[in-house]
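Welcome to a short tour of this protein.

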Amino acid sequence: MKNYCNQTLRVRQAFSPKPTLAYTMNRRDFLAATGSAVIAFSLWPLGPTWGADSDIAPAGNIGELNATGAGGIDLYIERRNLLIGGRPGRAIAINGSIPGPVIRMTEGKEALIRVHNLMPESTSIHWHGILLPFTMDGVPGISFPGIPPGEIFTYRFPVRQNGTYWYHSHTGLQEQLGHYGQLVVAPAAPDPVAYDVAHSIVLSDWTFEDPHRVLWKLKTMEGYYNFQRPTMANIQDQMQATGMTLKEVIDKRLAWDRMRMDPTDIADITGATYSYLINGKTAAGNPVFTARPGQRLRLRFANASTMTFYDIRIPGLPMTVVQADGQNIQPVETDELRIAVAETYDVVVTIPDTLSSDWAYTLFAETMDRSGYARATIAPRPGIDAAVPGLRRRPMLTMADMGMMMDEDMDKDMKHHGHMDKNKKKDDMVMQHPMPDHGGERRELPTQNLPDRIRHGSAEHGPASITMARMAYRRLNYPGAGLGNDGWRVLTYSQLRALERPYGRRAPTREFDLHLTGNMHKYIWGFDGKKWSESKMIRFQYGERLRINMINDTMMSHPIHLHGMWMDLYAGGNLDDNPRKHTVIVQPAELLTVDIFADAPGQWAFHCHLLYHMEAGMFRTVAVVHDLKGGPTHAKV
Ligand SMILES: [Cu+2]
C-alpha cells in the first residue's frame, strides 16, 4: 500500500479537520459484527466461500443491494477463488463475486454501508464520482486510515446526485483483482431519460498474474506486455541517433505498423496478460442481456478496468448517449464510443419492432490497443448469437500525438473546434499565463473561445519527462487513436453538452497549468515532472472557481480523476453547456481545460486512473482550504 502519511500530516495541519477519522470499530464491536457477518453469509445463494477448488463459483454472479433502504447494507471483502473465463483465479471478491453487487441508492436519502474486511490486509472502498464528506471518500491516508484486517468501516453520507457511477478499492493494486462494482443512483425528480429496461454493464480487465509482479515487470522491462513492439526510443532521440529526418523516422514507424510491429505506446498492458471482462465474463462466456422487439434498453456502462480503454459499439444498433459520468447530457446519437478507465456512459438503444423471434446483436467492446475484446449479446433469450466483428488494425501514434503536427494537420484535427483564427501567427496564440495574485483584484477568465494551443520548452520537466510535445492543442473533436476511419459515427468530447445548467457555474478567477509527464522507459509517471512522493499537495481555496489547463506531455492518453468535486469540461462551447465530469481523458499532446467549483472542504485525491500510473506517482493530494496564503497553490511544487 502506498504510504501517504507524511503528506497527510501536512494537509491536516493546513486544514485542521475535526477528529473524524476514528471510524473503525473496537475489538468488541468487531466480534459482535463478525457474528452477524456469519449469519449474512448463510443467506447468500452462493453459500459460504470456503468450499474446495472443485466447486469454485464462476465470476460474474452479481447481486444487487439498496444502500439507501432501511438498515443499510453489508459488503464483505475477501480473497476468493473464482472461475474467470473457465480458469480458477485468486480474486478479491465483494459478497462472493467479481464485480461486486450493483449498489443502488436514491437521491435525497442517506446511504449506509458497512464494509467488512475479511482479508489479512488493509482495504478500502472509494465511491467514484460521488459528492460526499471527504472522510467518507475512502482513500487510505487521505480520507481515512483504511480498513484494517478483520475490521468493519461504516460509510454513511447523504446522496446529493443521481446517475450511473461505480466503486472500487483505493488500496494498493487491489482493484486489479476484482474489487469494484457499479453504483446506480435513482433520481429524486422524474428521470428525463425514457427507457423500458436498464442493464448494468461493468467492463474490466483481469490478469492471472500477481499485480505486483505486473508492476515490477513494467518497471524493469520496458514494453514487457507489448510483444510486437521494437525498442521505442523517443522520436527526437531516434532522429539524433540515426541522423534521419522527421519524415524518415515517421516512414519507418509506418513500415513497422504495416508489419504489425509498430512502436506504439497505446497501452502499457495488453491482451498478452489480460482477459477482458463484461460483468465478470470473458467474450467466450458471452453474457446475455435479454430484450424484446420495440423495447428501449438503457445500458449503463462503467469502465472498472485498471488499464484498458474500450471502444464500444453494437453493430446494427445506433446508440443514443444520454449520460456521461452520471450526468445527463443533451442526447447524441452515435455508433461507437470510447470509454476511458473510470468513466461511465449511459446509452439508450431501441430494438427494432420488426424483428422476428430469432435475432441478436453483439455488444462489442474492443480494447483501444486492439489486443483483445470483451463481448456480450443482446437477444430475446440466451443461446442466440450474432456475428462478432474482427479486431481492427492496431492504431499508431501520429505526428499530432507527438505535438509535432503541421498546420494543415492541425486544421484538420480541429476542424469543428470552431474558433481557430487561421490568420493569426502561431506565436501570437501561445497562451499567456497570468499568475494568480491573491492580494490583488480578481480577474475573470474567459468562459469560451479559450486559446487553441500552447507551446512550451523541451527541457521543462527534467528526466522524469522524457517525451515532450512541443505544442499542446485542443483535441476535443478528435475521437482518439484508431477511431473515426470506419465510416460510422464516433462520439467525441466536443459533442458532450450538459442537459441543464448545473450549479456553481461562473467565470473562474484563478488558473494554473498541470503537465502530465512520464518516462515510459523507467515507468515513472507524474505531474509537472514530479511523482507523488516528491510533491506537495495542491491547495484550492474553498468557494473559488478554479481553472486547470491540463497539458499532456506524454504519448499516452491519461484518464484524470478528481475526487469530491466536478470538473466542468471545456468542450469548445459556452460555459452553460460544459459537461460535468469526474474523469477526463487527456490525449497525447492535448491541451484540455476544466473549471472546478471548490465547494468541498477537506483533502482529496487527484490522479491518473490508470492504476499502475497512479501507483508509479501520477497522483496529487488536493486540499480545499479556507486560506491560500502560505502554501502551494498549484502542482508545480
Ligand atoms: Cu496515466
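The second largest cavity is lined by 14 residues, and those nearest its centre are I266, M368, A481, S557 and P588. Please keep in mind that this is a predicted model. The space in this second largest cavity comes to about 90 Å³. Its lining is made up of eight nonpolar, three polar and three charged residues.

**Other enclosed spaces**

Searching the whole structure turns up twelve cavities of 30 Å³ or more. The largest cavity holds about 180 Å³ of space. Sixteen residues line this largest cavity, and Y478, P479, Y493, I585 and Q587 are the ones nearest its centre. Sorted by class, the lining of the largest cavity contains nine nonpolar, four polar and three charged residues. Domain 2 (192–229 + 264–395) and domain 3 (407–474 + 501–625) each contribute at least three residues to the lining of the largest cavity.

**An open pocket**

Now to a space that is a pocket: the second largest pocket has a volume of about 540 Å³. Its lining consists of 31 residues, with N162, Q327, N328, E500 and R580 nearest the centre. Several strands take part in lining the second largest pocket: strand 9 (180–186), strand 13 (296–303), strand 15 (319–324) and strand 16 (327–334) each provide at least two residues. By class, this pocket lining divides into 16 nonpolar, seven polar and eight charged residues.

| Space | Volume | Lining residues |
|---|---|---|
| Second largest pocket | about 540 Å³ | 31 residues |
| Largest cavity | about 180 Å³ | 16 residues |
| Second largest cavity | about 90 Å³ | 14 residues |

**The chain as a whole**

How many helices and strands does the protein chain have? There are seven helices and 33 strands. The chain has 637 residues, and 60% of them count as buried. Among contacts in the protein chain with a separation of 6 or more, 78% are between residues 24 or more positions apart.

Most peptide bonds are trans, and most residues other than glycine have a negative phi.

The peptide bond that joins I98 and P99 is cis, with omega at about -15°. P99 sits in the loop between strand 3 (87–94) and strand 4 (102–106).

D325 is not a glycine, yet its phi is positive, at about 50°. Is D325 buried or exposed? D325 counts as buried, because its relative accessibility is 0%.

R370, also a residue other than glycine, has a positive phi near 65°. R370 is located in the loop between strand 19 (361–367) and strand 20 (373–379). With a relative accessible area of 4%, R370 is buried, since the cut-off for that label is under 20%.

Terms used: Residues are numbered from 1 along each chain as its sequence is written. This is a predicted model: local features need pLDDT of at least 70, side-chain atom pairs count only at pLDDT 80 or more; totals for chains, interfaces and linings use all residues. Side-chain values use heavy atoms; hydrogens and water are left out. On a 1 Å grid over the protein atoms alone, a cavity is a set of points where a 1.4 Å probe fits but cannot get out, and a pocket is an open set with protein on both sides within 12 Å along at least five of seven lines; lining residues have an atom within 4 Å of a point. Grid points are joined across faces, edges and corners, and a volume is the space filled by probe spheres set on the points. Helices (H or I, at least four residues) and strands (E, at least two) are DSSP runs, numbered from the N terminus. Ala, Val, Leu, Ile, Met, Phe, Trp, Tyr, Cys and Pro count as nonpolar, Asp, Glu, Lys and Arg as charged, and the others, Gly among them, as polar. Buried means under 20% relative accessible area, exposed over 50%, partly exposed in between (1.4 Å probe, protein chains only). Contact means heavy atoms within 4.5 Å. Domain bounds come from an automatic or database domain assignment.
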